[in-house]
Amino acid sequence: MAKVIRECKVVSTDKLASDVFSLLLDAKDIVSTAVPGQFVSVYSNSADRMLPRPISICDTDKSAGTLRLVYRVVGAGTKEFSELKQGDTVRVLGPIGNGYTLEGNSAILFGGGIGIPPMVKLAKALHENGMSRENLHVVLGFRDESFLLDEFSDIATVHISSDMGTIGMKGNAVQLAEAENLVADVIYACGPKPMLRAVKNFAEARDIKAYLSLEERMACGVGACLACVCESKDVDDHSKVHNKRVCVDGPVFTADEVVL
């Protein structure tokens, strides 16, 4: 089914950290089908910025019809989003891509930096499927400021690290999981490529199935431009080379599908 760009009304905008913002949108049609791990493309209201910004889905509320996006301000487009006010409108395409497969009786969720937000909806889905707080480990790697911690505290066992040791253990999320000897039936991860590479090695060393959500620069968001390809072990049916398009073949892949 073709994706439709929808006009979504802003419910609220909140600052979570020095450069991290939460945007709550009235987006009933998007929320009705969204699953953990998918993302949306958000369009600027400025004619100077034609390409949309891909932002992972942090959470949804089907009863309220609201979509929550949490993102870091890194340029003019995301700065514009951070200045939106209640009642403003923004154009959104989505949900896009595949999502995480929910399985197992225990899980480790790795979130690094702005890869933390999609772990919120995933953790809630696993908990709603019956995974206990003791068996649901959320391992978060921050730069220096924390955000979204309250979203996990009641449903998961939370482990925290930061680059400089300002919160939690000094180091990264994978180093923290190694230090605490965490094991589970399945691993889920989202974050920068070095972290995903370390998660893949962590999972392979323990023979644990892992799902990785890749972060790549995107242009069209619908698989036509090939700007967001990643290296894959198998030949892609579309490009006929060892590539996969993150926007439509992903963003979630099993660890053994991709080369990092």
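The model is predicted: local features need pLDDT of at least 70, side-chain atom pairs count only at pLDDT 80 or more, and totals for chains, interfaces and linings use all residues. Residues are numbered from 1 along each chain as its sequence is written, and side-chain values use heavy atoms, leaving out hydrogens and water.

**Strands**
- Strands are DSSP runs of E with at least two residues, numbered from the N terminus, and two of them pair if DSSP finds at least two bridges between them.
- Strand 3 (residues 39-43) runs antiparallel to strand 4 (residues 53-61), joined by 4 bridges; Ser 41 has Pro 54 as its bridge partner.
- Strand 4 also pairs with strand 5 (residues 66-72) in the antiparallel sense, over 4 bridges.
- These two strands form a hairpin with 4 residues between them, and Gly 65 in the turn has a positive phi of about 70°.

**Ser 44**
- Ser 44 is in the loop between strand 3 and strand 4.
- Its relative accessible area is 1%, which is buried (under 20%; exposed is over 50%, partly exposed in between; 1.4 Å probe, protein chains only).

**Salt bridges**
- The model has 10 salt bridges, each a side-chain nitrogen of Lys or Arg within 4 Å of a carboxyl oxygen of Asp or Glu.
- In one of them, the closest N and O atoms of Asp 19 and Arg 72 are 3.2 Å apart.
- Asp 19 lies in the loop between strand 1 and strand 2 and Arg 72 in strand 5, so the pair ties together parts 53 residues apart in sequence.
- Asp 19 is buried, at 18% relative accessibility.
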